[in-house]
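Have the 3D view open as you read.

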Amino acid sequence: MKLPFILAKRFVAGEQFESSVPASKALNKANHQLTLDLLGENVATKSEADASVAAYIKVLDGIKEYELLSGISIKLTMLGLDIDVEYCADNLFQLLEHAEKQEQFVRIDMEGSAYTSLTLDLFKRAHERFGPKHVGTVIQAMLHRTKEDIAECASMGADIRLVKGAYKESPKRALQKMSDIRDAYNAYAETLIQHTPFPRFGTHDDELIRSVREYLAHHELSYNRVEFQMLYGLREQGLSDLNRLGYPTRVYVPFGTDWFPYFSRRLAERKENIWFVISTLFKR
Ligand SMILES: Cc1cc2nc3c(=O)[nH]c(=O)nc-3n(C[C@H](O)[C@H](O)[C@H](O)COP(=O)(O)OP(=O)(O)OC[C@H]3O[C@@H](n4cnc5c(N)ncnc54)[C@H](O)[C@@H]3O)c2cc1C
C-alpha cells in the first residue's frame, strides 16, 4: 500500500523534480546552496539501476535548465551496488562524466555499514579520476572505523560531509551513546578543518555547530572555511541564522516517489518529527 505524499510533505520537496523546483528556488533566494537528492535505494535489477542513472542525469540537466545553485547526492545502492560492483562503478563514472562536462558536483551519500568499504573504495577511484571539484562523499562519526577513514580522506584532501550516521548499527560497529558520538564528531571535525580546504558539516545539533564555530574562532579561521548543511524541512531558522552570520549554508533537498525509507529515518531520529507530520495533515 502506498502512503499519501501529504505525510512526507514536510521533509520531501515534491514527488517529481519539477514540483520540487519552487522550494529549491526559494531556498536559493534565501542564500542557501542545495543538494538535490532523488530518493531511492537498494535497486535489485540492472534495468532499475539504468533508469536511476538516466533519472540522475535528468536531474543534473534540470539543475542547469532551472539555474539552481545545487549539486546532487546519490546512493550507490540505487546505481546497482547490490548487483555488481564494477557495473555500479561504470554507472557512477557515467554520471560523473556528465557532471564534469557541465561543471557540476556529485556527492556519494553514505548508507549502512555493510556498504562503507565498498562506498569508500568507489569514492577513492572517483576522486582520483574526477577530483574534489566534482565528487565528494560522507563520513559517519558514529562508526568505529571512521578514525582511520577520516585520516585517509583528510590526507587525500577529499570533499567530505561529516554526519553522525542515520542507520541503526551494532555496538561492535558503532558508538551508541550520544555523548560519545558528539565527542567523536568534534574530533573528526577538527581533523577535517585542519587538513581539507572546505569541510561540510551535516547536522542540526547546536552543540556540534557551536563546537565548530568555537574552533574556527579560536584558530582565527574565516567563517567561509566550512559549510553547514541541514535537511529540507528541519531547522530552517537555525540555518538562516548561520547564513546571516556569514557561514556558507546548504539544504539537502530530497524529492521523488520513493520517499518512504528516508521519511521513516527522519521519524525514527526525533519524536518531534512525528508531530510535524501530524500537523501537516491538518495544514492542507
Ligand atoms: C545535510 C545532511 C546530509 C546527511 N547525509 C547523511 C548520509 O549520507 N548518511 C547518513 O548516514 N546520514 C546522513 N545524514 C543524517 C545524519 O547522519 C543524522 O542522522 C541526522 O542529521 C540527525 O543527527 P543530528 O546531528 O542532525 O541531530 P540529532 O542527533 O537528531 O539531534 C541532536 C540535537 O540536535 C537538536 N536538533 C536536532 N534536530 C532538530 C530540529 N529539527 N529542530 C531543533 N533542534 C534539533 C536537538 O537539540 C537534538 O537534541 C545527513 C544529515 C544532514 C543534515
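Helix 6 (residues 178–195) and helix 7 (residues 206–218) have axes that come within 10 Å and cross at roughly 35°. Axes here are lines fitted to C-alpha atoms over the stretch in contact, with angles running from 0 to 180 degrees between N-to-C directions. Helices are DSSP runs (H or I, at least four residues), numbered from the N terminus.

This is a predicted model: local features need pLDDT of at least 70, side-chain atom pairs count only at pLDDT 80 or more, and totals for chains, interfaces and linings use all residues. Residues are numbered from 1 along each chain as its sequence is written, and side-chain values use heavy atoms, leaving out hydrogens and water.

So who touches whom? On the helix 6 side, the contacts (heavy atoms within 4.5 Å) include Arg182, Tyr185 and Ile193, and on the helix 7 side they include Glu207, Leu208 and Tyr215.

Now for the ligand. Among the 24 residues around the ligand (a heavy atom within 4 Å), Lys164, Gly165, Thr203, His204 and Glu269 come nearest. Here are some polar contacts, meaning pairs of N or O atoms within 3.5 Å:

| Residue atom | Distance to a ligand oxygen atom |
|---|---|
| Gln140, polar side-chain atom | 2.8 Å |
| Gly165, backbone N or O atom | 2.7 Å |
| His204, side-chain N or O atom | 2.8 Å |

Technical notes:
Helices (H or I, at least four residues) and strands (E, at least two) are DSSP runs, numbered from the N terminus. A polar contact is a pair of N or O atoms within 3.5 Å; within protein, one must be able to donate a hydrogen and the other to accept it, and residues adjacent in sequence count only if both atoms are side-chain atoms.
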